[in-house]
Each structure stands twice: as structure tokens, then as C-alpha cells.
Amino acid sequence: MDKPDFVVVGSSGGGGTISWLLAKAGFSVVVLEQGPDLAKALDESQLPYDPSLHDEYRYRLQRPDPKRRLRGDYNTFRKTATEDAKPFSNGWTGSVLGGGSVIWGTWSFRALPIDFRLATHFRANQQLDKLVQDGYAVSDWPIAYSEMEPFYNVAETLLAVNGDRVAVNDAIKHAGWFTELSGQPHFRAAGEWFPRFPFPCPPYPRTPVGDLIYQGMDKAGYHPVALPTGIVTPGMGGYSTRDAIANALKAWGNGQRPSFWQQSAETIWSDRIRDACTMCGFCGEYLCWGKNGPKSGTRASSLKELQDLPNAEVRTNAKAVEVIYDDTLNRATGVRYLDVSHPGNPRMRVQSARYVIVSCGAVQTARLLSMSGGSVGLGNQSDQLGRYATFHLFGNSVTCTLAESFQGYLHGEFGATGNTASFEHYFVKDERAGSPTAGKWWKAGTIVSTAKKNPLENADGKLNPYGPVDKRLIGRPLLTAMERYARSLELRLTGDDLPRPENRVDLDPKYVDEYGIPVARITRNLGPHEQLMFELMGPKLLKVFDYYRQIKAINDADIKYNPAIVELVGDHQMGTCRMGDDPARSVVDRFCRLHEAPNVFVVDSSFMPTGFGLNPMVTVVANALRVGTWIVDQTKRGVDLDRPLEPIQAA
């Protein structure tokens with residue numbers, strides 16, 4: 001296509017979803033993905049499953065394109081602006097067709113209503129001033145939960161989310177923070193706390209790891225539930241996305257549906273049936289080995305639908321280097337990209353388009369926009385681009401090793417990485433005597449069981465051939481360590497690191513990639529709120545294992561609390577293109593258009609003003625559906641997509 005309506009950069013939850021919706025609505029769409037299509041061979045195979053996709057050596061030790069780019073593409077990292085950033089290999093969410101949605105861990109939470117009004121909440125409870133003094137910039141979303149709710153329903157159908165809605169609602173209803181805070185007017189007004197729309201798939205079977213954590217949570221009073229995951233539940237005869245969409249449309253109500261969703265489910269989606277999960281356990285970090293999409297992601301759903309449409313084109317190995325901007329027109333005119341089909345012989349190409357949609361992940365989207373539009377970057381007139389980066393408190397966990405009598409019990413291969421969850425500490429109360437914030441509820445997140453999945457990688461790390469001699473294990477000590485690894489598990493907090501302007505992504509002034517393009521520089525440190533989370537949540541996480549300590553299933557020496565790893569920024573990236581009504585304090589408006597270039601949209605998780613305390617994938621897919629639906633409606637009414645929002649909308 002010489003000049004399609006839309007060029008979409010990136011194919012994960014945001015880009016892969018909105019490209020399908022727009023193409024289905026009749027627009028011409030070109031999708032540019034910097035990585036290859038590693039699942040193409042599986043599509044063309046005569047076999048329903050491909051065990052080579054479980055190759056731990058390739059996908060974990062060699063780290064090919066799905067997680068990190070080969071050759072000379074990397075990021076740099078520093079904790080503060082006073083340090084020199086150093087190259088490091090983290091900061092990638094997925095470089096393959098389908099992006100991060102191909103290798104995500106499938107944890108499928110929708111946000112809670114208060115997440116959209118977090119600044120209002122902290123202000124009402126006299127906590128906002130303290131956060132401002134500590135350098136935080138917490139803001140309300142410019143949209144409400146009610147605007148996202150119908151799109152959450154549809155997003156869950158596209159992702160085939162399994163779970164028990166009643167149990168999740170009850171777990172939230174009985175959490176200590178909800179019991180105490182739900183009487184506050186702003187809390188009640190935030191939105192529908194207990195959605196009635198059921199998950200499209202029944203709960204995933206409880207795995208050995210999930211059961212162990214479930215019992216520990218239950219005895220601790222944490223109201224455990226089956227973790228909602230984006231996987232077709234084992235034992236189902238198959239999953240019809242079309243039928244699930246029909247249920248979502250029915251729940252929406254015909255009179256309230258926008259024009260695109262007035263169509264029948266038969267018109268919206270094909271009759272493809274997705275296979276049920278075989279409980280192989282290779283979900284997070286790996287491509288699903290099932291040909292017909294047991295594990296959800298855009299590669300298994302919206303991109304499969306897209307390939308059938310004559311007005312859509314997908315180009316892999318297309319590395320975007322610039323959104324081309326014409327300042328006389330105040331418009332982007334297309335995207336400049338490198339065709340790296342042959343990495344040693346890259347070809348620069350240009351794809352013109354009427355509109356540009358960017359969905360590269362919060363790190364690489366900030367990088368791309370910083371390389372566009374002149375010296376300060378596109379979307380950066382107010383110096384907001386790249387700021388407020390959040391990554392969640394990954395690594396904040398308790399790890400433990402069961403006693404030798406439990407050897408062979410855990411069986412991490414029986415299911416996805418997570419299985420049991422709790423909302424008990426979505427907010428956590430400061431109960432420390434004499435604390436200046438005693439009695440206040442602070443934002444924490446969700447806690448989830450995880451199993452150890454990669455014994456080869458663990459053994460390689462213990463062998464450590466290039467490390468200090470005293471840190472290398474060989475022979476019997478190495479075998480002992482591997483045996484212990486098979487009895488180890490983790491309870492993880494997906495903690496909400498609150499946004500701060502100094503946590504940001506910009507261009508490194510010194511380092512370039514293999515093609516001479518500046519790499520992304522990530523500046524990220526943990527502040528007082530995160531340190532408070534470690535202090536308050538450590539005892540809460542350890543409490544889950546009290547029962548197993550009592551029955552001698554765990555020795556005190558074999559359990560360890562870990563604070564978050566500040567450099568672990570490769571998974572949940574959010575916030576670098578903050579959404580807001582005020583151009584002086586945000587990068588995109590409520591429909592994810594750049595304030596200064598309204599024909600450029602950003603639909604990955606970088607639009608999020610706050611990071612929640614849960615996996616952002618369902619929210620990213622739901623928002624892409626919301627923005628795409630708005631584009632279709634505006635066009636149908638003959639309204640120019642570049643037209644500024646009415647003042648009443650931005651109030």
C-alpha cells in the first residue's frame with residue numbers, strides 16, 4: 001500500500017488489537033513489526049503442537065528475538081540523572097510478531113475502579129501532599145472506569161480469560177482495605193466494583209504450586225482465588241471467540257453500543273475455534289506450542305483475523321526509526337523504518353500514511369518519538385515525553401525451598417507460571433506504632449504464586465563458569481542445587497510503583513545500536529513509597545508460609561524475603577506517554593492522540609497515567625478497543641480525527 005489510512009508500529013496488545021479493529025471497519029492498515037514471525041512455521045506445520053518451542057536453551061539462554069534483540073540492540077540504565085548510564089540487556093518486552101503478548105505470563109486482571117481515581121483517593125485521605133513532597137506525581141486518569149468497562153468485557157473475550165468472577169468479587173469485597181475504605185464517597189463513586197460479566201472460560205485447574213499457596217493464603221486470611229489467566233482452560237472442547245463476543249455484546253446492551261459494535265458477532269469475528277491448554281507449563285517467556293492458540297495474545301487472535309482482510313498488510317523485520325513529521329502541516333506523514341530482513345544489509349524505507357499509531361512498549365515508544373519531530377522529539381513540547389515511567393516492583397517476593405520429602409511434588413510443568421492470587425493487599429495499612437503515616441492505607445498490588453520453570457537456566461547460573469571461583473558449583477554441589485531448585489517456589493507481589501517525573505526514558509547521548517541509532521536510556525530508582533511497600537509487605541508475604549513452617553515443610557533457613565530489583569524493567573513498562581487533558585502535564589489526550597500532532601496515536605501501556613498493581617495487558621487491549629471504536633465513530637459521523645476535543649470533554 002502506497003498510502004494507507006493507518007500505519008501501526010508494533011503488534012502486541014495495543015497495536016495488534018487496534019490494527020484488526022480498524023481494518024475490520026474498512027480502513028486500510030499496514031502493520032510494522034521489528035521482529036520476525038517465529039510462529040509461522042507452526043502455522044504451516046501439519047502438527048497441532050510443536051515441542052521445539054519449549055527449547056529452554058534457545059529461548060532462555062540464547063535469548064533470541066522474542067525477548068531481546070540479537071546483535072547490537074540494547075538499552076542503557078542508570079538509577080539517577082547524576083550517574084553515567086551503562087549498557088544492559090533488559091528493557092525489552094518482545095521483538096516478534098505479536099510482541100509481548102506472545103511471551104507474557106497470561107495474568108489477566110482488569111483494573112479496579114479506584115485505579116482511575118488514585119489522586120482523588122490520596123487527596124481525600126490526606127496522603128497526596130506527602131507523596132508530592134516525596135517527588136511523586138500521581139494523577140487521576142482523564143477517563144473513568146465506566147468508559148472502559150464494556151471494552152474490558154470484549155478484551156477478556158479476545159484473550160479467552162479464565163477465572164471465577166464471583167470468587168474474585170467476593171475476595172475484593174472481603175479484603176480489609178475494601179471493608180474500611182468503601183464507605184468513602186469517592187470510593188463508591190469510582191465505578192462498578194463487582195462486574196457481573198462472567199469470565200469467558202472456567203477457572204484453570206489448581207496446580208500443586210497453586211494449591212500449596214492457596215492453603216497458605218487461606219490460613220493467613222487472605223481470601224485466595226484462582227488467578228485469571230489468558231489461556232483456554234484445559235478440558236474445554238475448544239473456544240469460540242465469536243460466541244464469547246456475542247455474550248459481551250449482549251451484556252453491553254444494544255442501545256448503548258457504538259456503531260462498530262452494533263454488528264453481529266458473526267460479522268465481527270470468524271468461526272475459528274481455539275484449542276484448550278495441554279498444561280505444558282511453558283507460557284511466560286516462551287511461544288505457545290499449540291497451533292490453534294491455547295495461550296492468548298494478538299498472534300493467536302486479532303492478527304489471525306487480520307491476515308484474512310484484503311485491506312491489511314503485516315511487515316515483519318521492519319524496525320521503525322522515525323515518525324516523519326511535517327511541522328508546516330502539524331501532522332505526521334508516515335514512518336521511516338529499516339528493513340532488517342537481512343540484518344547485515346539493512347534497507348531504509350518509508351511508509352506514508354494518513355495516521356500513525358505507535359505501540360512499541362513504553363521504552364521503545366519513548367525512544368521512537370524522541371528520534372522524531374525535531375531536536376526535542378515529537379510529543380515533547382512540554383518536556384513530558386518519557387517521564388513517569390513505571391515498571392512495577394518485580395522481584396518483591398518470598399522465595400522458599402520445601403523440605404527434601406517434597407521432592408517431585410511441585411511439578412511446575414503442570415500449568416502457567418501463576419495459579420493462585422489474592423487482592424488482600426491491593427492497599428496495605430501502615431500498622432507500625434509511632435509511624436508518621438500510621439493508620440493510612442498505601443497502594444500495594446496483587447500477590448500471586450509462581451513456580452520455577454527453567455532448570456537449565458538455573459543450573460547454568462549455578463555453574464557460573466565466568467564468575468568468581470568461589471561462586472561456581474560443579475559435581476555434587478551442583479546436583480544438590482538443582483534438586484533444591486525443583487522444590488523451590490515463589491510468592492510474588494506485583495507492586496504499584498507510583499509515577500515520578502525523574503523516572504524516565506530518553507535517548508542516550510553516547511551509545512548507539514548496530515545501525516548507529518541512539519539507544520534508549522532508562523533512568524529508574526525506587527522512592528520512599530516503594531521502600532515503605534517493602535517494609536509493610538515483607539511480613540504479609542512471609543505470613544503465607546507460617547503454616548508450612550509449623551508442620552516443618554519449610555525450614556526457616558530456606559525461606560527468604562526479597563525487595564524489588566530496580567533494574568528489572570523488561571516486562572510491565574508503563575507511563576512514558578502519559579494520557580491527560582492538560583498538554584502541559586501529559587503527552588496524549590484522552591483518545592491517545594499526541595497533543596501536538598493529533599494524527600499520531602499511542603496505544604501501548606505507555607499511555608497509562610498510573611501503573612495499577614497488576615499485569616497491564618487486559619487494560620492495554622481494552623484501551624485499544626476503546627480508541628479504535630472512537631476513531632470509527634468519529635469517521636462515521638464525518639468528524640475530522642484531528643479536530644481538538646470540545647472543552648466540555650476536557651473539563
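**View 1. The largest cavity has a lining of seven nonpolar, five polar and five charged residues.** Here, Ala, Val, Leu, Ile, Met, Phe, Trp, Tyr, Cys and Pro count as nonpolar, Asp, Glu, Lys and Arg as charged, and the others, Gly among them, as polar. This is a predicted model, where local features need pLDDT of at least 70 and side-chain atom pairs pLDDT 80 or more, while totals for chains, interfaces and linings use all residues. Residues are numbered from 1 along each chain, and side-chain values use heavy atoms, leaving out hydrogens and water.

Of the 17 residues lining the largest cavity, Ala39, Cys288, Gly290, Arg299 and Ala300 sit nearest its centre. Helix H2 (40-44) and helix H4 (100-103) are the elements that each give two or more residues to this lining (helices are DSSP runs of H or I, at least four residues, numbered from the N terminus).

**View 2. Helix H8 gives the most to the lining of the second largest cavity: four residues.** That lining has 18 residues in total, with Arg110, Leu112, Arg165, Val168 and Ile172 nearest the centre. Helix H7 (145-158) and helix H8 (165-173) each supply two or more of them. By class, you'll find twelve nonpolar, two polar and four charged residues.

**View 3. Leu21 belongs to helix H1 (residues 13-24).** Leu306 is 285 residues away along the chain, yet its C-alpha atom is 8.7 Å from that of Leu21.

Methods:
1 Å grid on protein atoms, 1.4 Å probe; cavity = no way out; pocket = protein on both sides within 12 Å on 5 of 7 lines; lining within 4 Å.
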